[in-house]
Amino acid sequence: MRGLILFFVVYFRFGFGFLMRNFERQADLHIFNFKSSPSALISTFYKIASLSRQSMDTPNWHHYSIGQRVRFLERCRQTPELIGRHHRRVKTMMGGYLIIAALIFYAGYSISYGHYRDGFEQYIAGKILTQQLDVDPDNSDLYVFVGDYYYDKDAYQEAVNAYENVLRIDPQNVHALNNLAWLLATCPDETFRNPEKSLELASRAVALEHKSYILDTYAEALAMNQRFAEALEASRQALALASDKRTDYLEQVERFRRLAEGS
């Protein structure tokens, strides 16, 4: 919120003020569409300065001072090319402004509804979780979410660290036991695979909860340790308990059956 407020303050102070000054200067230049000399407008500026009882060079954040406006009109009378140059400058500014506005709109749409949405939401979720951990470093549930977040991003070392923090605080957290066991058994980066530790964690998880997805992890860990017959039995139990994704569990049973028969 503070960042958004700061953005608007900076925009109105510098960006909006810059545009206003140049639009105002362009409006002053339209005197040359009616007269060859800006004397009438310059005389009006002098009257305004006199009535306001302020210096002609008193600065203003969204206006050129009266003195600056007068001097620019005098330069344009002496060098008419400055008139067209300023009109082109304003057109360029407007073109740039429209491009920036379109890019901001595209970015906002992509973040809210497009292909950047998932990445942005994950980024925000990660920021929130890490900030919450700073406030409550012993909250095991937060570490579970952090571990899942990093696992989804293929940041395996960070995921391992988060799950291990969960188990440091709550050694019987089934979610962390199961997910870390699965990571250590199936990680695409083989440097993170650890069959023995995976089986130890999966055994603890299945002892706490007898559910299909936990049995599936247990079967995978058993297979990683060349215990294919036991993996087949665990996968059959997982299939028997499964209420959804039964095709996936059936494929696991067939895979472990082939491994058991080939061993």
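Guide: Helices here are DSSP runs of H or I with at least four residues, strands are runs of E with at least two, and both are numbered from the N terminus. The model is predicted, so local features need pLDDT of at least 70 and side-chain atom pairs count only at pLDDT 80 or more, while totals for chains, interfaces and linings use all residues. Residues are numbered from 1 along each chain as its sequence is written, and side-chain values use heavy atoms, with hydrogens and water left out.

Visitor: How many helices and strands does the protein have?
Guide: The protein has 12 helices and 0 strands.

Visitor: Where is Ser243 found?
Guide: Ser243 sits in the loop between helix 11 and helix 12.

Visitor: Is Ser243 buried or exposed?
Guide: Buried means under 20% relative accessible area, exposed over 50%, and partly exposed in between (1.4 Å probe, protein chains only). Ser243 has a relative accessible area of 70% and is therefore exposed. Its C-alpha atom is separated by 8.6 Å from that of Ser212, 31 residues apart along the chain.

Visitor: Does Ser235 count as buried or exposed?
Guide: Ser235, in helix 11, counts as buried because its relative accessibility is 1%. Contact means heavy atoms within 4.5 Å. Leaving aside neighbours within four places in sequence, Ser235 contacts Ala219, Gln252, Val253 and Phe256. For the protein of 263 residues, buried residues make up 36%.

Visitor: At what angle do the axes of helix 8 and helix 9 cross?
Guide: Two packed helices are described by the angle between their axes and the distance between the axes. Axes are lines fitted to C-alpha atoms, for helices over the stretch in contact, and angles run from 0 to 180 degrees between N-to-C directions. The axes of helix 8 and helix 9 come within 8 Å and cross at roughly 150 degrees. That makes the two helices roughly antiparallel, a term for angles over 145 degrees.

Visitor: Which residues of helix 8 and helix 9 meet?
Guide: From helix 8 come Val174, Leu177, Asn178, Leu180, Ala181, Leu184 and Ala185, and from helix 9 Lys197, Ser198, Leu201, Ala202, Arg204, Ala205 and Leu208. This contact divides into 10 nonpolar, 2 polar and 2 charged residues. Ala, Val, Leu, Ile, Met, Phe, Trp, Tyr, Cys and Pro count as nonpolar, Asp, Glu, Lys and Arg as charged, and the others, Gly among them, as polar.

Visitor: At what angle do helix 9 and helix 10 cross?
Guide: The axes of helix 9 (residues 195-208) and helix 10 (residues 212-224) come within 8 Å and cross at roughly 150 degrees. Helix 9 and helix 10 are therefore roughly antiparallel to each other. Their contact includes Leu199 and Val206 of helix 9 and Ile214 and Tyr218 of helix 10. Its residues divide into 11 nonpolar, 3 polar and no charged.

Visitor: Which residues touch the most other members of the largest nonpolar core?
Guide: A nonpolar core is a set of buried Ala, Val, Leu, Ile, Met, Phe, Trp, Tyr and Cys residues joined through side-chain atoms within 4.5 Å. In the largest, of 39 residues, Leu180, Leu183, Leu201 and Tyr218 touch the most other members. Among the helices that each supply at least two residues of this core are helix 6 (140-152), helix 8 (174-186) and helix 12 (246-262). Apart from it lies another core of 14 residues, including Leu29, Ile31, Ala49 and Ile66.

Methods. Angles under 35 degrees count as roughly parallel, over 145 as roughly antiparallel, 65 to 115 as roughly perpendicular and the rest as oblique.
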